[in-house]
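This report looks at charged side-chain pairs and at one strand with its neighbours. Please keep the sequence and the 3D view at hand while reading.

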Amino acid sequence: KQIRKQAKMIQSQLIRDSEGNISASERKRLRRLRSATGVAYPTGYFFFRGAVWLVSQLFIKVGVHGQDNIPSNGGRSGDIMYRPHWYRRRGNSKIDDNAFVLAANHGSVWDISALGVFRRPFVWVCKPWFVANPILGQINQRMGALSVFRRKIDGDLSVNAQLKVKKLQSVAYTPSEMFDVASRAIKRGIPAIMFPEGTRLDSSSVGDAYMGAAILANRTGVPILPVALAGCAKEDVEVRTWFLRRRVIVMCIGAPIYPPTPTSAVSTNEVCAAMIAEWQRVMEQELLPRAHAIRDAYASR
């Protein structure tokens, strides 16, 4: 009951202006996003996620290393195949008591398919393009997609026309709204997927990271789980496996990065900056080189 009450309060705050009135455009935008509540539908999630994962197996082959670093679920560590025995979309029922913010590098769109190896409910932050089409939007939202409007990228009038910018705004959350919805999901125990680089780089290296993943982790008190993906970038060649030529993607999972104990001497911005700096250091110096070494050894067979 408390979660339902909080959700209604947050939604009412999102759609009301300073005078307490609800505009028609805001009402339409929230109606379009009402299925992206931070908790994926059980039937929609497992059906559509399974279909996407099955199709992606024709094009990618994923190897996972470091499963023991995944926060334990009910005393079981490395539980990448977790699936709840029962599920309630509403109410205060817990789905998983060990949520986290999965932060991965973003080389290409194959990163999203590769993360489908985690067979568990997730919410994942994405760009508005994933929900711009009504049918595609309904499918992705039922798989936990939270579209967010990136002002520096989606709102760049030198790249996108003004009508397109308005279209993207109408189908996406603002950053503050996205944090509210993702926080609500994490408090129910559902992990969140974020790409700290903000956009795909089409490269196998790690770019400069934004603090969104650290802000969400610090806000909810859960750790950041660093995940390095090798084999998704354009320069990575395909490898023949049996009778198919597929991308071999190696996933290396690092140790969780927990938020430090809050003190009055350290501000929230400093805490988030330290967490994201540690994520970038671990990715560049440890996980990504290890993932590339494993992949190169496999490709040279």
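Which kind of contact do the side chains of Arg281 and Glu286 meet in? They meet in a salt bridge, with N and O 3.3 Å apart, where a salt bridge is defined as a side-chain nitrogen of Lys or Arg within 4 Å of a carboxyl oxygen of Asp or Glu.

The model is predicted, so local features need pLDDT of at least 70 and side-chain atom pairs count only at pLDDT 80 or more, whereas totals for chains, interfaces and linings use all residues. Residues are numbered from 1 along each chain as its sequence is written, and side-chain values use heavy atoms, with hydrogens and water left out.

## Salt bridges

| Pair | N to O distance |
|---|---|
| Arg219 and Asp180 | 2.5 Å |
| Arg281 and Glu278 | 2.8 Å |
| Arg281 and Glu286 | 3.3 Å |

Helices here are DSSP runs of H or I with at least four residues, and strands are runs of E with at least two, both numbered from the N terminus. Arg219 is partly exposed, with a relative accessible area of 44%; buried means under 20% relative accessible area, exposed over 50%, and partly exposed in between, using a 1.4 Å probe and protein chains only.

Arg281 and Glu278 are three residues apart in helix α10 (residues 268-299), which means that about one helical turn separates them. Arg281 is partly exposed at a relative accessible area of 30%, Glu278 is partly exposed at 31%, and Glu286 counts as partly exposed at 34%. Salt bridges that share partners join Glu278, Arg281 and Glu286 into one network.

Strands count as paired if DSSP finds at least two bridges between them. Strand β3 runs parallel to strand β5 (residues 192-194), and two bridges join them, with Val123 standing opposite Ala192 in β5. Strand β3 also pairs in the parallel sense with strand β4 (residues 145-147), over three bridges, and here Cys126 stands opposite Ser147 in β4.
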